[in-house]
Amino acid sequence: MSLAAYYFCKMCTKADKKRDEGLEIPDDVEYVRNIRYGENKKYHTLDICWPKLVEERPVDVQKDKLPVIISVHGGGYVYGSKEVYQFYAASLCRMGFAVINYNYRLAPKYKFPAPLEDLNAVINWLLENRKEYPLDMQQVFLVGDSAGAQIASQYGVMYSNKEYAAVMEMEVPKFTLKALGLCCGTYDLKKRAIEAAGKGVMRDYLGKDVRKYGEKLNVLDYITEAFPPTYLFSANGDYLKEECRPMAELLKSKGVRSEYKIYGNEQTYHVFHVDMRNEFGKEANGEQVEFFKEVME
């Protein structure tokens, strides 16, 4: 692990612990933990949560099928876990969704495209096990922040463009990806790889020589009008704020249904929406869900 990634992980661990101190999963949420979706014992686990009541009656997992949100955590490809996102996941499910909160393999041990392979594996697992949980796999939403937003958006390209899926050498299963929610992200993978020039967390993720990936890094070139509807947002204090507008403009130019918003003030920081005590985060999460519900209509 690079020195930059090491200090980044230490900083994030301390900040996330402080952010979530004293929080608990609400009593009205059913939260099932540590389900294996793959072979890697350390990383291939997921949690599923859903509201205990729907229309004021207990959820019947065999009969009630809820729209699904899959959360792709951030962390610069080197940090993060479902534990760090558990309260965020629970807050989303209380808005009427089944939420999937999962771990994926991290750099530097596991490099690109490991997170995309793991997201694909999660979706395959959900399809195979959907009868055991209240999952409507015809109404699936991907949300991601920071590196998770890049991963989720790249998967959206694979889903909507078979040519790019072939470039990535992956077979995307049959399900319906209704929309994406992308927060505080970076989206131009090729640009970031070149700018990093084999340094820091991007070296941990991509390795020293990025040329070997070739066309796989040209993610944005494969966005078409078939790309899923997208709610794209950031914060005024987010160090990646300037990455948001170009992505919004690209989606608009392709005719993709999308919304774009910057929240808060200069003290509204990176991945602010995961802080359950942040009022701007609550606002952003609520408006993202409203966008999802509009897409479902």
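Mentor: A pocket is an open set of grid points with protein on both sides within 12 Å along at least five of seven lines. In this predicted model, the second largest pocket has a volume of about 200 Å³.

Trainee: Which residues line the second largest pocket, and what makes a residue count as lining?

Mentor: A lining residue has an atom within 4 Å of a point. The residues that line the second largest pocket are Leu23, Glu24, Pro26, Phe87, Ala90, Ser91, Arg94, Met95, Met276, Gly281, Lys282 and Asn285. Helix H2 (86–93) and helix H9 (279–296) are the elements that give two or more residues to this lining. By class, the lining of the second largest pocket divides into six nonpolar, three polar and three charged residues.

Trainee: How much space lies in the largest pocket, and which residues are the closest to its centre?

Mentor: The largest pocket holds about 470 Å³ of space. It is lined by 21 residues, of which Cys12, Ala15, Asp16, His270 and Val271 are the closest to its centre. Helix H1 (residues 3–20) gives the most to this lining, with six residues. Eleven residues of the lining of the largest pocket are nonpolar, seven polar and three charged.

Trainee: Why are strand S1 and strand S10 said to stand at the edges?

Mentor: Eight strands form an open sheet in the order S1-S2-S6-S5-S7-S8-S9-S10, and the pairing is mixed. Strand S1 (29–36) and strand S10 (258–263) each have a single partner strand, so one side of each is left without a neighbour in the sheet. On average, neighbouring strands of this sheet are turned by 20 degrees against each other, direction ignored.

Trainee: How do you know that S1 and strand S2 are paired?

Mentor: Two strands pair if DSSP finds at least two bridges between them.

Trainee: Which strands does helix H8 lie across?

Mentor: Helix H8 (residues 244–253) lies across strand S9 (230–235) and S10, and runs at about 160 degrees to S9.

Trainee: How do you know whether the radius of gyration of the protein chain agrees with that of a compact globule?

Mentor: For 297 residues, a compact globule would have a radius of gyration near 19 Å; the protein chain has 18 Å, so the value agrees. The chain contains nine helices and ten strands, and its C-alpha atoms fill a box of roughly 55 × 40 × 40 Å along the principal axes.

Conventions:
Residues are numbered from 1 along each chain as its sequence is written. This is a predicted model: local features need pLDDT of at least 70, side-chain atom pairs count only at pLDDT 80 or more; totals for chains, interfaces and linings use all residues. Side-chain values use heavy atoms; hydrogens and water are left out. On a 1 Å grid over the protein atoms alone, a cavity is a set of points where a 1.4 Å probe fits but cannot get out, and a pocket is an open set with protein on both sides within 12 Å along at least five of seven lines; lining residues have an atom within 4 Å of a point. Grid points are joined across faces, edges and corners, and a volume is the space filled by probe spheres set on the points. Helices (H or I, at least four residues) and strands (E, at least two) are DSSP runs, numbered from the N terminus. Ala, Val, Leu, Ile, Met, Phe, Trp, Tyr, Cys and Pro count as nonpolar, Asp, Glu, Lys and Arg as charged, and the others, Gly among them, as polar. Axes are lines fitted to C-alpha atoms, for helices over the stretch in contact, and angles run from 0 to 180 degrees between N-to-C directions. Contact means heavy atoms within 4.5 Å. The radius of gyration is taken over C-alpha atoms; the globule rule is 2.2 Å times the number of residues to the power 0.38.
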